[in-house]
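Reader: Please take me through this structure, beginning with the packing of its helices.

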Amino acid sequence: SIKFCPYSLCQQGTGPDCHTASAAGATANNTKHQRQTQRTRKSKKQASPKMSAPTASAASKAAEAGVEQVKPAQPKGPIPESTGPQPAAAGGPKAEIGKDIPTKATETLSSTTKTEAPSAPAAKAAAAEAPPSDMASAAAAKATAKPATATAKIATGDVAGGVEQEKKKPAQTVKGPDGEVVPKGGKAAALVTGGSSGAASKAKAAPTKAAALAKTAAPTSAAAVTGDTKTATASERLAATGSVLAKGVGALDDSAAPKAKSKAKASPSVVTVVTPSAAAVSAQSAPAPVAPPTVVDIVTGVPQPVLESNSNKPSTAGPAATGATPLGPARAYAKTATSTITSAVSQAKSAGVPASTVSSDATAKTATSAILAPPKAVTASAPKAGTTTTAPAVPKSVVIPGTGPAAVAVGRALEAGLKDPITIKGTKATVPISKRFQCVFVTSEVAPFSKTGGLGEAMDGLPVALAALGHRVMVVAPRYDQYKEAWDTSVTSQIKMAGKSEEVRFFHCFKSKVDYVFIDHPTFLERVDGLTGAKLYGPEWGKDFADNQARFAFFCKAALNVIQELPLGGFPYGDKCVVVANDWHSALVPMFIHADRKANPAKWKETKTTFLNHNSVFQGRFLWEEGLEKVFDIPKEYIDSITFTMPLKVGKYNKKVTCVNTMAAGLRYCDRALTVSPSYAKECCSDPEKGVELEELFALARVTGVLNGVKEGVSPVDKNFVAKTKMSCGTFTSETCVAAKEQLKATYRAENSLPTIDGPLVCFIGRLDAQKGYDLLLEAILEVIDEVEMQFIIVGAGRADLVEQTKAVEKKHPTKFYYAGWMGPERYALLAGCDYTLLPSRWEPCGLVQMEAMRFGTLPIVAPSGGLRDTVEDGVNGLWTDAEMTVEAELDEESISSIGRALKRAAEIHKTEPAKEGMMKRAAMAAAAEFTWSNAALQYEAIFEELGVTDIIPYCSEKSVTLEVDNQVC
């Protein structure tokens with residue numbers, strides 16, 4: 001009897017004023033709501049009560065938290081079985097679209113021989129000539145023999161009617177309440193239920209709590225419209241975007257799960273700072289450490305496709321090219337520029353212009369520090385509620401960065417033979433540049449405007465660094481919120497979908513020399529309604545809006561119009577650019593450009609496209625249906641080329657269906673595939689467990705890994721950063737980090753009523769979910785907590801069952817285990833105070849926390865996977881577990897024991913080898929100084945140059961770049 005409003009975007013709940021079950025009231029109510037959602041919106045919007053969606057089916061809950069629709073094992077072959085058109089007759093016409101498959105793809109279905117990855121660009125050129133029908137038949141070879149993919153094993157839930165009876169279910173699993181297969185609970189689950197650890201071995205040991213790896217926070221089925229379990233048609237999903245083309249029941253959102261709140265601080269108290277041991281202090285006075293050679297090698301040179309080369313192509317220019325320095329290229333350029341920057345500042349001061357320089361290199365001997373000796377006992381008070389710390393105002397002056405991409409620009413000008421290249425006019429300093437590319441990043445999120453994880457962080461750091469080198473850079477993202485810095489351009493555009501046009505409006509903000517363009521449409525703004533962090537992709541973490549396929553296809557089309565139509569600085573970016581499509585949400589962009597170019601060869605003539613993969617688990621799989629090409633307004637062969645037989649969600653027992661794989665569109669039609677670390681690139685194209693059914697397409701797209709970075713401003717010597725993060729110790733360097741840590745530890749313990757112990761302080765900062773290995777970590781902590789002297793601090797939110805278990809562990813071990821909940825920028829003060837941080841990830845494309853931790857001399861304990869393997873060297877700047885983590889959805893004893901052994905090893909080093917630990921901390925700071933967006937930007941620039949991206953410097957009247965400090969660091 002509940003009455004629902006027929007308007008798809010209505011979020012007012014139920015009520016007599018608006019809602020009616022009759023079709024007669026639909027027109028009037030639609031008109032009413034259209035008036036309510038006109039573009040003249042109030043500056044502050046209150047989130048309206050949300051309709052509660054019915055519980056999703058067991059099929060939609062089977063996948064692991066945060067793991068999107070990914071398929072299980074399939075036979076070895078070039079690509080998964082395609083359901084596109086049948087092979088063309090011999091000698092028949094061939095359509096020139098997409099990429100083809102290696103020759104061995106045509107082997108028989110029974111073949112189990114591993115496909116040889118293509119190693120020559122010629123393979124890809126030939127592939128472009130093959131019709132989708134050939135791709136489809138070649139792809140059929142993958143249907144029967146490949147072992148299960150590792151990431152696919154993360155969830156083992158059944159889909160109703162889709163259980164493959166011939167397969168055995170994994171060990172240590174039981175049936176959940178909705179029929180899904182879940183692992184049995186461990187010790188943490190036993191604490192929640194109040195039982196002993198032995199209770200965890202029983203079949204009903206808490207399948208809905210500790211062991212619900214394959215259930216909690218699983219993404220809903222892409223085809224199930226929220227509010228109903230029937231299959232939605234493409235037109236219905238389009239209607240759910242809020243389009244006026246076809247109104248209907250949309251995927252309205254549940255109330256988002258609240259974040260875990262930060263705990264209240266303890267009363268002000270005296271903080272006793274423990275003086276570091278003599279061994280630790282002597283370690284600080286050792287020679288300045290340098291980054292391990294492996295680290296320098298990763299960030300130096302031109303990254304190559306991982307199946308074609310095991311190392312980067314040597315640079316032909318730059319201080320690092322001579323091999324005369326152990327520094328990476330960005331720091332080497334900055335070192336070259338130091339005297340020039342200092343001279344420019346002195347000349348400005350002599351001319352009466354206030355000027356200064358700032359450096360964020362914590363390993364430099366000249367870096368300033370507030371801690372020059374072990375500090376004495378101090379009194380620290382918790383900040384008063386509602387107060388904020390602000391830096392004192394300073395008069396406007398010229399500030400020239402001594403590190404980062406601005407310093408790199410100065411170094412490159414000197415390398416080009418320019419003497420005194422810095423010009424100061426007013427409060428601006430500029431330096432000449434010799435090249436300028438137009439770089440367009442299409443992304444579903446970008447910090448600080450919208451962010452759910454590493455993608456948002458990367459889309460803040462990389463574009464800013466490229467712009468600081470002198471490139472013209474634009475980031476295109478949805479307008480999820482009323483961003484105060486983004487203004488309406490008054491430019492509108494018509495987006496064609498389903499044969500009709502829909503209007504969008506463009507908002508713009510220019511910040512840190514980057515053009516940020518936000519696409520305004522109800523499907524983004526009205527859906528999220530001010531709750532940006534929680535609801536970009538669904539009502540809560542791990543649940544998708546049912547119309548996401550239509551939402552992001554619409555977004556991709558709108559992004560192309562931004563590039564062609566929006567005049568910024570007097571003219572649009574046009575086709576002389578490189579477009580970087582990020583993750584599945586933007587993966588249709590290369591395919592749409594390819595289709596446009598085929599229809600009109602003059603369009604996108606000089607455009608290069610890349611697909612940047614941040615996590616291959618999230619592929620955007622949606623049920624295939626007849627007529628989808630009409631919704632996307634592209635030829636049918638394009639849809640056929642990305643159609644496969646795969647399960648919608650991860651799970652060995654999930655039913656294989658005919659589905660469209662959105663990520664495959666990016667891989668098939670881009671000029672180069674990229675990902676966020678060299679090791680992860682290798683895993684994606686050669687390891688079925690990490691490529692998640694698309695490893696052959698990664699190989700065909702010549703996937704290349706470029707390590708992500710951290711902004712130079714995230715540094716203990718940066719006064720702005722230290723003030724924002726409320727570090728009680730003040731600034732510190734690698735020489736004083738041990739003393740600083742003691743003060744930070746003492747302050748944190750006093751604020752949170754934790755006792756002082758002799759053992760190390762260890763933290764976990766991140767999502768409490770299976771990918772991060774948190775379930776394994778929790779069990780490992782319980783294995784060792786009674787026998788090692790360590791304190792554990794847990795920061796983050798995630799799956800409800802793991803949060804509940806965490807609180808139960810805290811209750812049992814209040815002096816050794818503390819759950820801090822969610823923390824803002826002040827988490828950096830905790831991270832800096834800890835001795836170790838934990839990252840036992842099942843898989844990790846790059847990882848951010850370990851690089852940030854090393855900036856403060858905090859040693860990462862990691863599972864050697866992906867970017868963790870690239871950034872941490874065992875026994876040098878961190879510790880490895882002695883085994884990779886299981887990818888199964890179970891509490892694997894070997895993985896748990898491996899983490900436990902690593903924890904014991906860390907405790908032993910802290911107790912018996914303080915000098916070694918001190919040297920490792922300093923080595924970590926040296927390594928982290930190389931993990932920068934400046935180095936990453938130089939490598940992306942080199943790849944763009946290899947691809948033949950048009951240099952627009954000949955078309956520019958201004959051939960210089962402004963030198964500015966990036967203050968967006970928290």
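**Helix pairs and sheets**

Author: Helix α23 (residues 774-784) packs with α24 at an angle of about 15 degrees, and their axes are 11 Å apart. This makes α23 roughly parallel to α24, since angles under 35 degrees count as roughly parallel, over 145 as roughly antiparallel, 65 to 115 as roughly perpendicular and the rest as oblique. Axes are lines fitted to C-alpha atoms, for helices over the stretch in contact, with angles from 0 to 180 degrees between N-to-C directions. Helices (H or I, at least four residues) and strands (E, at least two) are DSSP runs numbered from the N terminus.

Reader: What kind of model is this, and how are residues numbered?

Author: It is a predicted model, in which local features need pLDDT of at least 70 and side-chain atom pairs count only at pLDDT 80 or more, while totals for chains, interfaces and linings use all residues. Residues are numbered from 1 along each chain as its sequence is written, and side-chain values use heavy atoms, without hydrogens and water.

Reader: Which residues of α23 and α24 meet?

Author: Tyr 774, Asp 775, Leu 778, Glu 779 and Leu 782 of α23 meet Leu 802, Gln 805, Thr 806 and Val 809 of α24, where contact means heavy atoms within 4.5 Å. By class, this contact of α23 with α24 has five nonpolar, two polar and two charged residues. Ala, Val, Leu, Ile, Met, Phe, Trp, Tyr, Cys and Pro count as nonpolar, Asp, Glu, Lys and Arg as charged, and the others, Gly among them, as polar.

Reader: At what angle do α13 and α14 cross?

Author: The axes of α13 (residues 548-565) and α14 (residues 588-599) cross at roughly 55 degrees and come within 9 Å. The two helices, α13 and α14, are therefore oblique to each other. Ala 553, Cys 556, Lys 557 and Leu 560 in α13 meet Leu 588, Val 589, Phe 592, Ile 593 and Asp 596 in α14. The residues of this contact of α13 with α14 are seven nonpolar, no polar and two charged.

Reader: Now the sheets. In what order do the nine strands run?

Author: The nine strands form an open sheet in the order β11-β12-β13-β10-β9-β14-β15-β19-β20, with mixed pairing; two strands pair if DSSP finds at least two bridges between them. At the edges are β11 (487-497) and β20 (704-705), each pairing on one side only. Helix α30 (residues 933-947) packs on this sheet, touching β9, β14, β15 (608-613), β19 (672-675) and β20, and its direction makes about 170 degrees with that of β19. Strands β9 (residues 438-442) and β14 (residues 578-582) run parallel, joined by four bridges.

Reader: And the six strands: what is their pairing?

Author: Their pairing is parallel, in an open sheet ordered β23-β22-β21-β24-β25-β26. β23 (817-821) and β26 (879-880) are the edges; each has a single partner strand, so one side of each lacks a neighbour in the sheet. Helix α24 (residues 800-812) lies across β22 (791-795) and β23, at about 140 degrees to β23. Helix α29 (residues 914-928) lies across β24, β25 and β26, at about 90 degrees to β25.

Reader: Which peptide bond is cis?

Author: The bond from Ala 447 to Pro 448 is cis, with omega near 5 degrees. Pro 448 lies in the loop between β9 and α11 (454-468).

Reader: Where does pLDDT stay under 50?

Author: It does so over residues 1-171, among other places; pLDDT is the predictor's confidence in each residue, from 0 to 100. Where pLDDT is low, the predicted coordinates should not be read in detail. The protein averages a pLDDT of 75, and 66% of the residues score at least 70.
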